[in-house]
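Take a moment with the structure shown here. The walk through it comes in short steps.

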Amino acid sequence: MAVRPVLFAVVVAVLASACVNGPRWEATMAQARLQRDRGDYGAAERSLLDALAQADRLHPLHPYELETNTELARLHFRTGEFAKAKAALTRLVGKLETLYRSDHPSIGAMHGDLGRACDALGQVDEAQGHYAKALAVALQVPAQNAIDYLYLDMAVNAQRRGLSAEADALFARAEAAARQLRPGGAIFEEIRAKRGR
Amino acid sequence: MLSPRHSRVLLIVLIALSFGVRALWLDYPGRLAILDEGYYLSSAHNILGTEQLPGNPYPYARPGLDPLIEHPIAGKLLIALSIRILGDTPYAWRLPSAVAGTVVLLLVYLLAYRTTRHRGVSLAAAGLTALDPMMLVNSRVAMLEIFVTALILATLYFYVRRLPALAGLAAALAVCVKLTGVSAILCVVAFETMRTLRHRVLTRRWSTRRIRALAVAVGVCAVSVPALLWLFNSRASLFPNPFDNLRYMYTHLAATFAFRPPEAVVVPQSRPWEWLLNVREIPYLTQGVMNLRGVYNPLLVFAFVPVVAWAVWLAARRGAAAALMVLAIVAGCYVPLVAGSLLVPRPAYLYYFLPVIPGIALGLATLGAPLKLPRAGKAAYVLAAAGAFIYYFPFRGWP
């Protein structure tokens with residue numbers, strides 16, 4: 001007869017373990033954003049990891065999980081921890097590709113970020129693969145996915161891979177795209193500086 | 001006392017009139033999604049691979065799959081099936097709801113008759129349900145509430161007809177339409193628990209027959225939910241594994257607090273206790289001659305408290321099946337939402353109360369019948385309810 005109470009307790013425990021206090025998760029995320037904006041990146045990371053631990057109790061495709069990983073990736077980019085940023089972005093892209101078509105602007109933008117993270121880590125060939133995926137999307141939504149900056153990053157990547165002709169062509173495309181999207185923007189200075197390296 | 005023939009004729013007239021009102025000008029105002037229809041129609045169109053309406057909320061959905069993953073797929077498949085058979089027209093989008101809304105009335109009649117054996121009372125219960133504006137509105141839009149309501153009533157009807165396996169199957173279908181469809185099996189559990197406990201108190205013996213029936217209903221439901229989900233999901237869902245699907249929906253329901261800032265929420269949110277006051281009306285659509293207002297008939301919703309109090313008294317004193325049924329509907333469809341709202345302040349809407357309306361109508365008709373009120377008084381109540389229905393009727397002219 002002791003089986004029934006045990007079974008009942010197991011069911012309650014399983015259901016409860018899959019519950020997350022929504023207001024608590026939102027409060028943790030708000031606190032993390034505040035800490036990040038104050039420049040207290042260590043505290044922000046701790047808060048985000050706490051939020052991620054809460055979200056990890058939910059389904060891997062739950063929006064809390066997606067949002068927490070996005071914030072973590074942003075923070076790691078800001079602090080220059082590219083290996084951590086790459087890990088968070090890889091998790092995110094996998095989840096988003098399960099949910100949406102691969103031409104979703106966010107998936108394209110994340111491939112661009114993954115390319116940047118790989119470049120920063122010296123993984124130039126892997127970066128090039130991500131840039132190619134990002135470009136396929138950015139060509140459809142050039143302004144939304146900042147195609148001029150994407151061409152610029154691709155040009156720098158080509159330089160690093162020793163492909164100067166390809167790099168020149170990409171710098172030219174970055175300039176042409178920037179002329180259409182943001183004439184007179186700071187990107188032109190950046191293009192000149194990186195081209196001259 | 002109505003003769004069987006007269007009651008049958010009256011029931012047919014009621015059903016025909018109600019279906020007419022539900023199916024009338026379903027294509028008005030053209031190819032425009034009403035309230036949350038946009039999500040369900042986008043799902044159906046994506047599953048079928050047909051052209052989306054303007055303002056598609058899922059422009060990057062994976063082709064052939066249901067993008068609205070926080071709800072089970074069955075209701076959306078039903079809408080998709082209707083579009084596949086009848087073509088991509090507003091009539092096809094909404095006809096399943098109109099049929100389900102009419103079936104609700106038939107089930108209210110059958111349930112009332114099963115619990116009272118009184119044809120006049122059963123007709124009154126079905127008639128009062130038909131006079132509810134929210135019931136009418138939900139029977140005219142391609143959303144999920146009316147399917148769930150119909151399946152909850154079907155579950156209860158099969159159960160009192162001593163068909164517990166069918167009851168379990170209907171309850172499983174309710175869960176496959178919307179996770180809140182779990183109310184169907186909760187209603188059965190509440191009904192049988194109250195009935196069995198009363199029997200136990202009176203006789204000091206457990207009724208094994210009733211406990212067995214409940215076990216069959218719950219068991220069939222528990223087995224059928226994953227089996228049906230697996231079947232429905234097999235071709236059009238992101239989740240081939242039904243348990244994975246259930247986990248996603250459960251965690252979404254359990255954890256989601258609010259993704260949008262309050263100023264971005266267009267549908268008025270409310271708490272379950274506010275529903276009893278009929279406040280925070282849902283403005284479904286106002287366009288041309290149509291004013292589709294999501295609000296309950298005051299003559300029904302304001303009767304909730306007296307009906308429940310009266311049902312508690314009758315259930316305790318006499319064990320009246322109708323009183324137990326009213327309490328079971330309240331216990332299965334309303335109490336969990338109150339408890340959930342107290343635990344987590346997640347969004348809730350006035351139309352969540354819809355499955356309780358047949359319970360109130362059943363209560364008013366069955367519990368009110370023995371009251372020694374003049375017949376004119378009862379007729380005046382029904383006329384007042386009809387007046388409120390006309391006041392809230394969605395059309396203010398000929399389209």
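This is a predicted model: local features need pLDDT of at least 70, side-chain atom pairs count only at pLDDT 80 or more; totals for chains, interfaces and linings use all residues.

Start with chain A. Its secondary structure consists of ten helices and zero strands. Follow the sequence and the pattern reads α-α-α-α-α-α-α-α-α-α. Chain A has 197 residues, and 38% of them count as buried. Now look at its contacts. Take those in chain A with a separation of 6 or more: 49% of them link residues 24 or more positions apart.

Next, stay in chain A and find A:A146. This residue sits in the loop between α7 (124-138) and α8 (147-160). Its phi is positive, about 45°, although A:A146 is not a glycine. Is A:A146 buried or exposed? The cut-off for a buried residue is 20 or more other C-beta atoms within 10 Å. A:A146 has 21 C-beta neighbours inside 10 Å, so it counts as buried.

Move on to chain B. Here one loop deserves a stop, the one between α1 (4-23) and α2 (37-48), where B:P29 is found. A cis peptide bond joins B:Y28 to B:P29. The omega of this bond is about 5°.

The loop between α1 and α2 of chain B also holds B:W25. B:W25 is not a glycine, yet its phi is positive, at about 50°. How many C-beta neighbours does B:W25 have inside 10 Å? The number is 15, so B:W25 counts as partly exposed. That class lies between the buried cut-off of 20 or more and the exposed cut-off of 12 or fewer.

How values were computed
Residues are numbered from 1 along each chain as its sequence is written. Chains are lettered from A and ligands numbered from 1 in the order in which they are written. Helices (H or I, at least four residues) and strands (E, at least two) are DSSP runs, numbered from the N terminus. Two residues are in contact if their C-beta atoms, placed from the backbone, lie within 7 Å.
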